[in-house]
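Please study the sequence and the model before reading each solution.

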Amino acid sequence: MSQRLRWGLVGGGEGSQIGDAHRIAARIDGLIDLSAAALDIDPERGRAYARDLGVAPDRAYGTWQEMLEGERSRPDRIELVTVATPNATHFEIANEFLRNGFHVFCEKPLTMTVEDANALLKTAEANDRLLAVNFGYSGYPMVREARAMVARGDLGRIRLAVAEFAHGFHADAADADNPRVRWRYDPNQAGVSSVVADCGIHAMHMIGFVTGQHLEAVSAHFASLVGDRILEDDAALNLRYSSGTLGRLWTSAVAVGQMHGLNFRIFGEKGGLSWHQEAPNQLFWTPLSQPTVVIERGHPEASDAARDATRITIGHTEGMLVAFANLYRDLHRAISAGEQGERDLALSLLPMGAAGAEMVAAVDAAARSTKDNGAWVELPKTSL
Ligand code: NAD
């Protein structure tokens, strides 16, 4: 592989919610070039926008199928593809690119069903390609610091992990017919879950990422609080983890006044940690029976993982784009090492396909639990 990674983007067209974040984050380190793109459901819009972004005209494709066809025979073909299209299309697009020997970075949720998620893992393995999932908040330095502190044993055994991802932007009943909102609550387009699959999934991934534990079982209560929505716009979940940790999660789209609303608190036998995504530079650490300490991003005594993820000096704001950039740099490192038959440390931090599949299984288990009045539902062992 050349030192610079040739990268392709599917979805994320002009005006999309997440496209710009990928484009900016991928290029922050100057290691990744946007070499090919199929950005939009409207082929002409997609081609025109890709050309505006500097993609060569013959690689500004109208559809992902054209992009696959065009790229696979090129000597300078792209090495990595990001899939940033709506959820229901992830499986087919990711599967075809993996089958044809491209590495894939897929948006969450990885797929709509557990079966598809497991099939995707098999395709990646059979073709010896990397499959990672954009749980981008795991790229924040202080989230990586929290993970390092738990791994080092600072908190002792983890008893309880509480996470939230609750915003208030689908709270207006007058929005019921807004096409950008309506599909999210329609099971034919969104699958078995709305806000849990969209937002709760990030908070659940965060607990697993920081504690290093796998999710074993879920008990859930979904609620639809606005109008006649079929899928949930609010949910409370209890979570059981592999080392006996209890997890609790609240996710919502009707929490008026909450902005992004992502945070976690981890309580161990020797102390507690808390982190809030809207003030991401600080990690609050309270050793048992001692005062709370604020650990600042950029502190020289931070863990190697946190220092590596920190790009500017203490006191400045980095934020979500740099968190995403850390995942892109991990992808670059992991792919470069793989080409040389090595395994890079980045792989231990990058959210891989297995984590994505575990989260798809968690959403499915939560939907089934809700139908069974909140009964505990075990995750299938195959998804771990
Ligand atoms: P969006 O509706 O705002 O944009 C989707 C884009 O994909 C549009 O440009 C659309 O034209 C294009 N598109 C649709 N079908 C396509 C196809 N078949 N081929 C090529 N392009 C196609 O959606 P969004 O909010 O940007 O979400 C996209 C994905 O990103 C979803 O899976 C969502 O869950 C995920 N997402 C992740 C995060 C995160 O923090 N990781 C945040 C927001 C969205």
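This is a predicted model: local features need pLDDT of at least 70, side-chain atom pairs count only at pLDDT 80 or more; totals for chains, interfaces and linings use all residues.

Residues are numbered from 1 along each chain as its sequence is written, and side-chain values use heavy atoms, with hydrogens and water left out.

**Exercise 1.** State how many salt bridges the structure holds.

Solution. Begin with the criterion: a salt bridge is a side-chain nitrogen of Lys or Arg within 4 Å of a carboxyl oxygen of Asp or Glu. The structure holds 27 salt bridges.

**Exercise 2.** Describe the salt bridge between Asp 76 and Arg 74 and the network around it.

Solution. First, the closest N and O atoms of Asp 76 and Arg 74 are 2.8 Å apart. Next, consider accessibility (buried: under 20% relative accessible area; exposed: over 50%; partly exposed: in between; 1.4 Å probe, protein chains only). Asp 76 is partly exposed at 28%, and Arg 74 is partly exposed at 22%. Finally, salt bridges link Asp 58, Arg 59, Glu 71, Arg 74 and Asp 76 in a network.

**Exercise 3.** Determine which helices hold Asp 308 and Arg 329.

Solution. First, Asp 308 and Arg 329 form a salt bridge, with the closest N and O atoms 3.2 Å apart. This pair links distant parts of the chain, 21 residues apart: Asp 308 lies in helix α10 (residues 304-309) and Arg 329 in helix α11 (residues 320-339). Helices here are DSSP runs (H or I, at least four residues), numbered from the N terminus. Lastly, Asp 308 is partly exposed at 30% relative accessibility, whereas Arg 329 is buried at 14%.

Notes. Helices (H or I, at least four residues) and strands (E, at least two) are DSSP runs, numbered from the N terminus.
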